[in-house]
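Here is a friendly briefing to read alongside the model. Please keep the sequence and the 3D view open as you go.

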Amino acid sequence: FISCSHIAHDCIIEDNVLLAHGVLLGGHIKIEKHAKLMGLAGIQPFVTIGQHSYVGGLSRIVQDVPPYMIVEGNPAKVRKVNVIGLERSGFSQDGINTIKDAFKQLFRSETLNRNQILSELENQDNLIPEVKVLIDFFRNVDKGKSGRYRESLRPTLTNIS
């Protein structure tokens, strides 16, 4: 955690995470292992930042960030696979290429039905654990309000009269 970064209440931060200068985390955020968040990124409450992902500086994150991806901008968008981060973490070139293929299917395909794409990925013969992580991540995103899975875990409030 570098200077002026802020972690609000009920956040879960796994191992080997980097929060650069001025990163602001709202409440109930989960940051998975090996994620990197660059300077002045602001993260909305109930967001999940996937493992080995990279959040560019000055980005506003209002939806879950998929594992292994680079997101940046305002509003933030998935730009590409975090190849350099994966190489530095010891991923094989074959594994990285398989993640890139899954990225192309998920984000650059003519098919607009994400569930159909996820089913096709699941049924591939060469399904590697990292692609399974991506599939599970996207299946969970759909459960949450506004693409934030952790929000679906929020306890329901009851009115007390």
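## Briefing: sheets, helices and a few residues to check

In β12, Met69 has Val81 as its bridge partner. This is a predicted model, in which local features need pLDDT of at least 70, side-chain atom pairs count only at pLDDT 80 or more, and totals for chains, interfaces and linings use all residues. Residues are numbered from 1 along each chain as its sequence is written, and side-chain values use heavy atoms, with hydrogens and water left out. Helices (H or I, at least four residues) and strands (E, at least two) are DSSP runs, numbered from the N terminus. Two strands pair if DSSP finds at least two bridges between them.

**The five-stranded sheet**

- Five strands make up an open sheet with mixed pairing, in the order β3-β6-β9-β11-β12. The edge strands are β3 (18–19) and β12, each of which pairs on one side only.
- Strand β9 (residues 54–55) runs parallel to strand β11 (residues 69–73), and two bridges join them. Val55 stands opposite Val71 in β11.
- Five bridges link β11 to strand β12 (residues 76–81) in the antiparallel sense. Glu72, for one, stands opposite Lys77 in β12.
- How many residues lie between β11 and β12 in their hairpin? There are two residues between these strands.
- The loop between β11 and β12 is the place of Pro75. A cis peptide bond joins Asn74 to Pro75, with omega at about 5 degrees.
- As background for viewing any sheet, side chains in a regular strand alternate between the two faces.

**The three-stranded sheet and Thr48**

- A three-stranded open sheet has the order β2-β5-β8, with parallel pairing. β2 (12–13) and β8 stand at the edges with a single partner strand each, so one side of each is left without a neighbour in the sheet.
- Two bridges join β2 to strand β5 (residues 30–31), and these strands run parallel. Here Ile12 stands opposite Lys30 in β5.
- Strand β8 (residues 48–49) contains Thr48. Is Thr48 buried or exposed? Thr48 is buried, at a relative accessible area of 5%; buried means under 20% relative accessible area, exposed over 50%, and partly exposed in between (1.4 Å probe, protein chains only).
- Leaving aside neighbours within four places in sequence, Thr48 is in contact (heavy atoms within 4.5 Å) with Lys30, Glu32, Asp64, Val65, Phe137 and Arg150.

**Helix packing**

- Two packed helices are described by the angle between their axes and the distance between the axes. Axes are lines fitted to C-alpha atoms, for helices over the stretch in contact, and angles run from 0 to 180 degrees between N-to-C directions.
- Helix α3 (residues 114–122) packs against helix α4 (residues 129–141) at an angle of about 155 degrees, with the axes 10 Å apart. The two helices are therefore roughly antiparallel; angles under 35 degrees count as roughly parallel, over 145 as roughly antiparallel, 65 to 115 as roughly perpendicular and the rest as oblique.
- In this contact, Arg114, Asn115, Leu118, Ser119, Leu121 and Glu122 of α3 meet Lys132, Ile135, Phe138 and Arg139 of α4. Those residues divide into four nonpolar, two polar and four charged, where Ala, Val, Leu, Ile, Met, Phe, Trp, Tyr, Cys and Pro count as nonpolar, Asp, Glu, Lys and Arg as charged, and the others, Gly among them, as polar.
- α2 and α4 pack at an angle of about 25 degrees, with axes 9 Å apart, which makes α2 roughly parallel to α4. The contact joins Thr98, Ile99, Ala102, Leu106 and Phe107 of α2 to Glu130, Val131, Leu134 and Phe138 of α4. Its residues divide into seven nonpolar, one polar and one charged.
- Helix α2 (residues 93–107) also lies across β11 and β12, running at about 145 degrees to β12.

**Residues worth a look**

- Pro129 is found in helix α4 and is exposed, with a relative accessible area of 59%. The C-alpha atoms of Pro129 and Thr48 are separated by 19 Å, and the two residues are 81 residues apart along the chain.
- His34 has a positive phi of about 65 degrees although it is not a glycine. His34 lies in the loop between β5 and β6 (36–37) and is partly exposed, at 25% relative accessible area.
- Leu40, likewise not a glycine, has a positive phi of about 65 degrees. Leu40 sits in the loop between β6 and β7 (42–43) and counts as exposed, at 55% relative accessibility.
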